[in-house]
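Please read the following report with the sequence and the 3D view side by side.

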Amino acid sequence: MKILITSRDVGAAKQNLAFLENIFAANLYAEIKILAQQPAFKIFKKSNFKCTLLGEDCEKACESIIGEFKPDFVLLGLSGFKIGIDEVVRGLCKIKNIKCGVIQDYWGYTGGFDQDSLPNYFFVIDRQAERLTLLNTQGKANCIVSGSPKHEQYRYMIKKWTSDNPFNSSKNSLLLVGQPYEMPGYLENIDYFFRALEGVSNSFDLFIKDHPNNEKEIYSDMLNKYTYPFHILDENQAIEPALVNATIVINCCSTAGLDHSFMQFYSKQAI
C-alpha cells in the first residue's frame, strides 16, 4: 500500500509521525512519501523518515509528486490559520479520486478545510469528538474513533521527559506556551497576563516557548518593562520536557494544555 503524508502544522506533524512510528513498530508494510511545509518539516527532519520540504506555492509540485507516486491513500495534516499543502492536496485528491483522511488533535476540530471539501475520514479520539465533529460539519464528516496516536506514545516517554528538566531554577517555573501572533486577541491577552504577573508575590521564573509559526520572537520586547525574570526557550528545544517539569503551565487555546493532561494521565506522580 502506498501512503502519502502531508503536514504544515507542528501538531499535525506530530500526530502523523506517531501514526508512522506505530505502523512500522507493528511491522505493517507500507510505502511512504512525506511532503511538508515549515514548520512541520522540522518535526520530520528529526525523525527516521525521509521528508520533502515544499514552499508556499506548492500545487504544481504536489500534483507532479502525486502523479508519479500514485498513492492509495493520503493522510493529510489538520492545520489552521492559513491555507497550505494540506488543503491543496485535499483538492487534488478530490480531482483524482484518492481517499484521504486526517488525525484530529482535539474534539470537534476540522482545520482549514472547506465544508464542501472535507477529508473522506476524520480519525477522532472518542465518541464525544465524533459527536462534535459531526456537529461542526453539519453531519458531513465521516468519523472513525481511533484514539490519538501522539498521546498514546506518552506512556513510554514520561520517564525520559521527567529526567530532561530544562529549568535551571530553584524558583517556581511558570511555562507559557505561545500561540501564533495573528490569533485574534492573543497578544492583547498575553500583555494583560504579563502585567498581572508583576503583582505576584511568590518567587518565580517565567519561561516562554514560542509558537513555531512565529517568525520573529516579540515577547522579550513586551517583558523588558517588568522586573521579574523571564527566559525564552530555544526554538529547537522539545516542548514535552518543559510541560512535564513546569510548576505551572499557562496556555491560550493551545493543544499543549491537552498534551499536559495526557502526560498527567500517564504519569505515576503529579506533574
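Predicted model: local features only at pLDDT ≥ 70, side-chain atom pairs only at ≥ 80, totals over all residues.

Which residue forms a salt bridge with Lys14, and how far apart are the closest N and O atoms? The partner of Lys14 is Glu240, with the closest N and O atoms 2.9 Å apart. The pair links distant parts of the chain, since Lys14 sits in helix α1 (residues 10–25) and Glu240 in helix α10, 226 residues apart.

Residues are numbered from 1 along each chain as its sequence is written, and side-chain values use heavy atoms, with hydrogens and water left out.

**Salt bridges**

A salt bridge is here a side-chain nitrogen of Lys or Arg within 4 Å of a carboxyl oxygen of Asp or Glu. Side chains of opposite charge can pair when their charged atoms come close. A search of the whole structure finds ten salt bridges, and three of these pairs are set out below with their N to O distances.

| Pair | N to O distance |
|---|---|
| Lys14 and Glu240 | 2.9 Å |
| Arg127 and Glu130 | 2.9 Å |
| Lys160 and Asp164 | 2.9 Å |

To describe how covered these residues are, buried means under 20% relative accessible area, exposed over 50%, and partly exposed in between (1.4 Å probe, protein chains only). Glu240 counts as buried because its relative accessibility is 11%. Arg127 and Glu130 are three residues apart in helix α5 (residues 127–136), and therefore separated by about one helical turn. An α-helix has 3.6 residues a turn, so residues three or four places apart point the same way. Within this pair, Glu130 counts as buried at 18% relative accessibility, whereas Arg127 is exposed, with a relative accessible area of 60%. In the pair of Lys160 and Asp164, both residues are partly exposed, Lys160 at 47% and Asp164 at 31%. Besides such pairs, there is a network of salt bridges that links Arg8, Asp86 and Glu87.

Helices (H or I, at least four residues) and strands (E, at least two) are DSSP runs, numbered from the N terminus. In helix α11 (residues 256–266), the buried residues are Ala256, Leu258, Asp259, His260, Phe262, Met263 and Tyr266. They pack against α6 (149–152), α7 (158–163), β8 (172–177), α10 (240–245) and β11 (248–251), where contact means heavy atoms within 4.5 Å.

Trp107 is found in the loop between β5 (100–103) and β6 (121–124), and counts as partly exposed because its relative accessibility is 32%. Trp107 and Gln128 are 21 residues apart in sequence, yet 7.0 Å apart in space, C-alpha to C-alpha.

Leaving aside neighbours within four places in sequence, Gln179 is in contact with Tyr186, His211, Asn214, Tyr219, Cys252, Cys253 and Ser254.

**Backbone geometry**

Most residues other than glycine have a negative phi, and most peptide bonds are trans. Against that background, the peptide bond from Gln38 to Pro39 is cis, with omega near 5°. Pro39 has its place in the loop between β2 (31–36) and α2 (40–45).

Lys70, although not a glycine, has a positive phi of about 55°; this residue is found in the loop between α3 and β4 (73–76), and is exposed, with a relative accessible area of 57%. Asn97 likewise has a positive phi, near 60°. Asn97 lies in the loop between α4 (85–96) and β5, and counts as exposed at 67% relative accessibility.
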